[in-house]
Amino acid sequence: MSTRAPAPVATPARDVLRHVAIAGNPNCGKSTIFNALTGLRQKVGNYPGVTVEKKTGRFFGSHGEAMELLDLPGSYSLQVRSPDEAVSRDVLLGRLPGTPRPDVIICVVDASNLERNLYLVAQMLELQIPVVVALNMVDVAEKNGIVIDLMALREKLGVPVIPMVGTKGVGFIELRQAVSRSPLPHPPICAQMPIVLEREVMALAKQLPVAPEVARGEALLLLTLHDQALDEVAHHERAIIDATKTAQQRLRTAGIDPLSAPVDARYDWIGEVCAAAHHSGGDHHALSISDRLDGWLTHRVWGWVAFLGIMVLMFFCIFTVAQYPMDWIKDGAAALSKWVTGHMPDSDLRGLLTDGIIAGVGGVVVFLPQILILYFFLGILEDTGYMARAAFIMDRLMSKVGLHGKSFIPMLSSLACAIPGIMASRTVENRKDRLVTILVAPLMSCSARIPVYTLMIAVLIPSHSALQKAGIMLSMYLLGLVAAAGMAWLFKRKLLRGETPMLLLEMPPYRLPSWRGVLLRMWERAGLFLRRAGTIILALSILLWALATFPKPDKADATPSEALAQSFAGRMGHAIEPVIAPLGYDWKIGIGLIGSFAAREVFVGTMSIVYSVENKDEENIEPLRDTMIAEKRADGRPVFTPLVCIGLMVFYVLAMQCISTVAIVRRETNSWRWPLFQIAYMTALAWIGAFIVFQGGKLLGFQ
Amino acid sequence: MTTDAVESLSALPVGQKARVVSFDLPPEQRQRLLEMGLTVGVEFQLVRFAPLGDPLEIKVRGYMLSLRKNEAAGIRVTRV
């Protein structure tokens with residue numbers, strides 16, 4: 001038996017660092033161990049060219065030696081079905097540029113769910129990288145009456161096994177020691193493949209242009225791919241793909257299914273391991289508590305009550321609690337802007353600072369409280385295991401439009417704000433489903449639309465009752481919901497066709513959330529949002545400020561509304577008038593539309609400038625409302641007829657008037673293609689919606 | 001021997017224990033189910049259906065897994 005360390009891709013950093021990867025099934029407690037090892041020494045980035053997140057952190061071995069820990073996405077198998085899994089495989093095979101092949105893998109295993117968790121371990125061992133098994137949650141297993149014979153497990157697996165309780169800090173010293181050992185024990189090959197299969201694996205391995213120690217593992221992975229996936233393999237020559245296919249054909253003739261035989265062999269081996277090391281008592285205490293909870297939480301009636309209760313609580317917090325910090329941020333930005341105005345002579349630079357940069361950055365930061373609160377709840381829902389139940393309950397409804405139960409949370413979050421909603425779409429594993437979710441999420445009416453709805457309802461029915469207002473608001477929310485469902489259905493049928501991905505959802509036992517993990521995730525998401533979205537938003541805010549400011553009016557004493565009419569934005573308002581005339585809008589509304597491209601709520605402010613209304617208090621829209629009601633066209637007809645008001649609201653329901661969302665979609669999809677497509681389709685949808693309201697309403701005899 | 005007892009997973013009543021006999025599913029879906037531990041011969045229990053009747057939840061190899069009726073219909077099982 002060889003005990004030499006493998007000789008993967010050499011990198012300069014190898015002298016000072018040992019590269020460690022941490023892998024494991026979802027819900028095995030991997031992030032807890034990752035967080036405990038690295039603390040705040042974490043970095044989140046992207047792998048070059050793909051949207052898969054790369055999370056790394058530093059930690060120190062038992063002798064203080066620095067190690068780089070790479071967090072591989074949680075996965076049940078190394079079989080590639082998503083970009084995340086492709087990245088995991090490529091890292092472990094050492095063929096991802098910029099990411100050295102790990103020297104050792106920490107494979108986290110849930111001790112209370114040993115059988116299925118060992119499947120990934122079996123695959124890892126086949127890759128011939130030293131593995132340290134972190135047997136996590138041994139306390140839970142013990143409570144469940146599961147007894148694990150460590151000696152037997154170590155002997156059967158042939159690698160170090162460290163019993164741990166990640167949440168209580170148990171086992172970390174031993175884990176560090178195991179990872180620091182030099183040389184690392186080389187893993188034995190465990191699962192015996194059928195002889196015919198093994199022969200094909202070795203034959204194919206010889207043809208692969210890779211290092212000998214990874215060849216067998218890679219050949220095995222290739223042989224277990226189905227036809228379509230094989231055709232999508234880009235990193236091998238056609239000849240190898242063809243050789244794989246003929247080998248698969250030979251196996252089938254020999255009565256061996258290449259897709260399932262290795263899986264069966266691994267589970268046979270796991271059966272042997274468990275027979276020797278895993279003794280399950282009859283009493284599944286904790287599971288039965290979880291089971292009983294599920295009896296209520298997925299109950300026909302009480303399940304819905306609990307579900308709605310949780311959602312209402314979450315939204316109540318997002319809308320009410322977040323309001324305070326949001327007001328502070330708004331007030332702070334206003335105060336800062338006032339201070340700058342007071343301390344600088346009037347100039348373009350001052351305008352850029354106050355109206356461009358401070359307003360732009362303020363407009364970004366103001367979303368932070370909602371994002372933080374949403375992530376707080378999402379973190380708890382995820383940690384406790386309720387997220388899987390929400391998907392379980394909602395899957396039937398979501399499947400009607402071709403989506404997965406897991407798309408529900410991102411869509412729902414978008415009711416507060418599309419940005420956290422789109423960021424939450426990461427829980428949807430299937431790439432196409434995730435993209436569809438991102439594309440339709442901004443159709444859900446977010447909180448930034450409320451000021452626009454409020455203004456237009458006030459103009460429509462100046463003395464509206466609370467009930468009328470609520471009724472109109474609700475219709476707008478419903479319109480957004482219907483549009484999102486309809487577009488999702490359309491995209492799934494036409495644009496992103498493909499097999500409906502199957503739902504395979506693990507329902508983890510209920511657990512108490514790890515507060516540290518929840519807070520770390522909030523911190524990480526907030527940072528990502530500020531860094532990635534902030535820069536783009538800042539640039540676009542400055543651009544919009546310039547459009548509304550230049551060229552300067554000829555007269556020195558021009559009023560703000562005259563200056564705006566003179567500017568590029570004003571000219572653009574005129575320029576787009578022919579396009580928006582069929583919707584019943586004049587060029588002044590056109591300016592409002594252009595001005596609020598950055599953010600919907602800006603519409604109210606822009607209209608105040610357009611109509612020269614001194615609107616110091618944002619809450620008090622009455623002066624603006626009265627001006628708008630009194631506004632007449634050249635021929636004396638009022639501008640804001642009921643149809644125009646309703647049409648405008650419909651336009652704002654459907655249009656993509658939010659730079660922050662554009663920026664976050666750009667980041668999450670890693671290209672400009674999808675955000676641009678999204679702007680195009682939503683603007684078209686908005687135009688058509690408003691057109692139908694205005695022209696259809698006229699045909700029916702309304703004004 | 002027991003040719004009469006083979007039925008599809010989705011037709012089982014709640015609480016029923018059964019054993020996987022074969023799959024009538026596309027290769028990729030079959031492979032995913034196998035990897036999740038639903039291998040031929042493994043014993044499982046149908047635990048519940050979702051409030052709207054779909055998906056369903058089974059207990060297999062000591063953990064809970066939910067899948068849609070659509071796929072469950074392609075899993076041939078025999079009661080134990």
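Guide: Two strands pair if DSSP finds at least two bridges between them; strands (E, at least two residues) and helices (H or I, at least four) are DSSP runs numbered from the N terminus. In strand S4(A), A:Glu68 is the bridge partner of A:His19. S4, residues 66-71 of chain A, and S1(A) run parallel over five bridges. This is a predicted model, in which local features need pLDDT of at least 70 and side-chain atom pairs count only at pLDDT 80 or more, while totals for chains, interfaces and linings use all residues. Residues are numbered from 1 along each chain as its sequence is written, and chains are lettered from A and ligands numbered from 1 in the order in which they are written.

Visitor: How should I read the two faces of S1(A): covered or open?

Guide: In a regular strand the side chains alternate between the two faces of the sheet. A residue is buried if 20 or more other C-beta atoms lie within 10 Å of its own, exposed if 12 or fewer, and partly exposed in between, with C-beta atoms placed from the backbone. S1(A), residues 18-24, has seven of its seven residues buried. A:Arg18, A:Val20, A:Ile22 and A:Gly24 are buried on one side, and A:His19, A:Ala21 and A:Ala23 on the other.

Visitor: What is the state of strand S6(A), and how does S6(A) pair with S5(A)?

Guide: S6(A), residues 131-136, is mostly covered, with six of its six residues buried. A:Val131, A:Val133 and A:Leu135 point one way, and A:Val132, A:Ala134 and A:Asn136 the other. S5(A) and S6(A) run parallel over six bridges, and A:Ile105 has A:Val131 as its bridge partner.

Visitor: Which residues touch the most other members of the largest nonpolar core?

Guide: In soluble globular proteins, nonpolar side chains tend to be buried together. A nonpolar core is a set of buried Ala, Val, Leu, Ile, Met, Phe, Trp, Tyr and Cys residues joined through C-beta atoms within 7 Å. Here the largest core has 213 residues, and A:Cys107, A:Val109, A:Val133 and A:Ala134 touch the most other members. Helix H30(A), residues 642-654, gives the most to this core, with 11 residues. Contact means C-beta atoms, placed from the backbone, within 7 Å; leaving aside neighbours within four places in sequence, the contacts of A:Cys107 include A:Ala23, A:Leu120, A:Met124 and A:Val133.

Visitor: At what angle do helices H7(A) and H10(A) pack?

Guide: Axes are lines fitted to C-alpha atoms, for helices over the stretch in contact, and angles run from 0 to 180 degrees between N-to-C directions. H7(A), residues 195-207, and H10(A), residues 238-253, pack at about 170°, with axes 11 Å apart. H7(A) is therefore roughly antiparallel to H10(A), a term for angles over 145 degrees, where under 35 is roughly parallel, 65 to 115 roughly perpendicular and the rest oblique. Among the residues making the contact are A:Val196 and A:Leu204 of H7(A) and A:Ala243 and A:Leu251 of H10(A).

Visitor: Where is A:Gly255 found, and is A:Gly255 buried or exposed?

Guide: A:Gly255 lies in the loop between H10 and H11 of chain A. With 9 C-beta neighbours inside 10 Å, A:Gly255 counts as exposed. The C-alpha atoms of A:Gly255 and A:Val196 are separated by 9.9 Å, the two residues being 59 apart along the chain.

Visitor: How many residues of chain A are in contact with chain B?

Guide: 28 residues of chain A are in contact with 28 residues of chain B. H17(A) gives the largest share of the chain A side, five residues. S10(A) also pairs with S5(B), residues 63-67, in the antiparallel sense over three bridges, with B:Leu67 as the bridge partner of A:Leu504.

Visitor: In what order do the strands of that open sheet run?

Guide: The seven strands follow the order S10(A)-S5(B)-S4(B)-S3(B)-S2(B)-S6(B)-S1(B), with antiparallel pairing. S10(A) and S1(B) stand at the edges with a single partner strand each, so one side of each has no neighbour in the sheet.

Conventions: Contact = placed C-beta atoms within 7 Å.
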